[in-house]
Amino acid sequence: MTDVAAGTVHRQIVDIVASRTLYDESYLLPESHFEADLGIDSVIFESIVAAVRERFALDAALPAGLATIGELVAAVEEALAAGGGGAPAVAVSDGHAPDSGAADPVQEAVVRAAMRHTQYEREQLPLDADFESELGIDSVVLVSIVADCARELALPDNVAGTVTAPTLRELIAELRVFAAAQGGTAGTAVQEGTASEKPSRPAWDSRSMKDFVEQRDGDLFAKTRSFRGYLRGREAERLYWYGMPLHSRCGNKALILDELTGQKREFLMFASNNYLGVANHPKVIEAVCDATRRYGATHTGSRFIGGTNALHKELERRLAAFKGRPACIVYPGGYAANLGTISALVKSYDTLVVDKLNHMSIVDGARLSGSVRRIYQHNDMADLERILKRCDDRTAGRLIVADGVFSMHGDICDLPEIVRLGREYGARVMIDDAHATGVLGERGSGTAEHFGLKGEVDLELGTMSKSLAGMGGFVVGEEDVVEYLRFYAHSYVFAANIPAGVAAGLIASLDVIEAEPERITRLWSNIRFLHRQLADAGFDLENTESAILPLVIGDERRAMEMGRAVRARGLFCQTVVFPGVPLGDARLRVSVTCEHTREDLEAAAGIFVEAARETGVLPSAG
């Protein structure tokens, strides 16, 4: 053990976990499992690990798969005992920078330049430390370091714009390659342009959005500048294509402006959640326009203060009837519905049990509640039961929350088992039907109808921006619960309500869905057809049973390149990378609607196959 006393390691790690989770320290026991017992997801865990490594000055990364506080403590103690932290070492084999007398001129140039631009001591520059998360070196500072090295080593001036190394060791290796190519000198041929005429593919920036979460700097905005450089690089390669504006209605096709080129183009649209095509229905549009003319563009207060309209009352009545429950509360958005409902009902002395792949709004609601949080493995009912059995007797109420349809995977929660386990272990159940409303069940009322469990789920939550073709979120349940939420859900009490025109459009949408059940029939015919085409082609569609068809690729770079190849062929779908899915689980997310024609679906299948073969996701036809 180093100069860090063994007895203080556990104490300091508990302090770090408590500061990141707001838990009372009495819950943070050595055997506490980060996910199952504490509800700590991967984002919070990375923040904890970063803080631990900083606190104990650990040189090397901690082992993967640490599951409990005790395991984290043991890993830190082992690293300290091995001399990996506490007191800085100088041996190259320990991952630190060598003494200034080192014989390697490239390594010495890099270390000196890093010291100059960071004001770190040599001992504070481990060669394997990540520039951003561990050293606070953003892309701007990195360019300055490389530029200094280029001048000292007589390398081409453009080296600074091509290096993407994430650590000092990898930067040293990259610069050695440049130095070897130049024979140790600047090389006038490069300066005159002979070598630069060789075609080259831009160096791959291996970072993801994960690398900008824990970047620390005295200037709070430093991470924004660093991320901007990363984002512009992704955009320059046409890999990030997010937020491009539509210049038409969004149906089976849409006219989209590519802001990177300034060109408009019509795309086959497979990125819309307008599952039943109601957003473009004449009756819905007419209802929005008529109500807006009558009641004005919007309200200027919350539901309690001048923001309630007769249409809001009617919308809540209609949604409750559609879902087959006694009462309904409408929030400004689906995200607000999860935040407000969870944080109002679940308190620090309660336990919230959630599926690992739940939507981020559930994750954030869990954090806001301050409750004891536990995560069960995705759709693993044995794991859910294990967690419910281990619920601490000190906690009061328990709430299980799961997506009905998981938004990036398309599969459906095991609602019958969730309901059964909830009853057996005294837990209430809430299901987020954002992507199930309008899709599952004969009437499209969601997951409970799909499984024949109407009235068996305590709370059903939904968003109105998808199948219902409007804006807002809602929760249906017993009258007592809904009335409580009206007074204690902050995202309802302290937020402006949806405009009357939107409420009128939503009522009209419900009219259309109930009067035209063939829309759901057509949707499922389209889902089954495209699913069969893509599965037969060899795509990994996981266990989807909904209108969301994931084309699982894994590698972020290949997923983004396939997304680019798909767009080049005139089809737009979502390219999903971190934080939408974990690293290594990148995918294209294809949304099917009832508006797609058979020709659209056949063309889409062909485009996906061609793009997959071009990018190596599928083997070539030959």
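**Exercises on a predicted model**

Helix H19 (residues 518-537) has 20 residues and spans 29 Å from its first C-alpha to its last, close to the 28 Å expected at 1.5 Å a residue; the expected span is 1.5 Å times one less than the number of residues. Helices (H or I, at least four residues) and strands (E, at least two) are DSSP runs numbered from the N terminus. This is a predicted model, in which local features need pLDDT of at least 70, side-chain atom pairs count only at pLDDT 80 or more, and totals for chains, interfaces and linings use all residues. Residues are numbered from 1 along each chain as its sequence is written, and side-chain values use heavy atoms, with hydrogens and water left out.

**Exercise 1.** State which residues of H19 are buried and what covers them.

*Solution.* Step 1: apply the cut-offs, where buried means under 20% relative accessible area, exposed over 50%, and partly exposed in between (1.4 Å probe, protein chains only). Step 2: the buried residues of H19 include Arg519, Trp524, Asn526 and Phe529. Step 3: look for contact (heavy atoms within 4.5 Å); the cover includes helix H18 (500-515), strand S10 (548-554), strand S13 (586-591) and helix H21 (598-615). Step 4: look past the end of the helix, where Gly538 follows with a positive phi near 105 degrees.

**Exercise 2.** Determine the strand order of the open sheet and identify its edges.

*Solution.* Step 1: two strands pair if DSSP finds at least two bridges between them. Step 2: the 7 strands follow the order S3-S9-S8-S7-S6-S4-S5, with mixed pairing. Step 3: strand S3 (327-331) and strand S5 (372-376) each have a single partner strand, so one side of each lacks a neighbour in the sheet. Step 4: as an example of pairing, S7 (residues 428-432) and S8 (residues 459-463) run parallel and are joined by 3 bridges; Ile431 has Glu460 in S8 as its bridge partner.

**Exercise 3.** Describe the largest nonpolar core and the surroundings of Phe539.

*Solution.* Step 1: a nonpolar core is a set of buried Ala, Val, Leu, Ile, Met, Phe, Trp, Tyr and Cys residues joined through side-chain atoms within 4.5 Å. Step 2: the largest such core has 75 residues, and Leu315, Phe539, Met562 and Phe608 have the most contacts inside it. Step 3: H18 supplies the largest share, 9 residues. Step 4: leaving aside neighbours within four places in sequence, Phe539 is in contact with residues including Leu534, Leu551, Met562 and Phe608.
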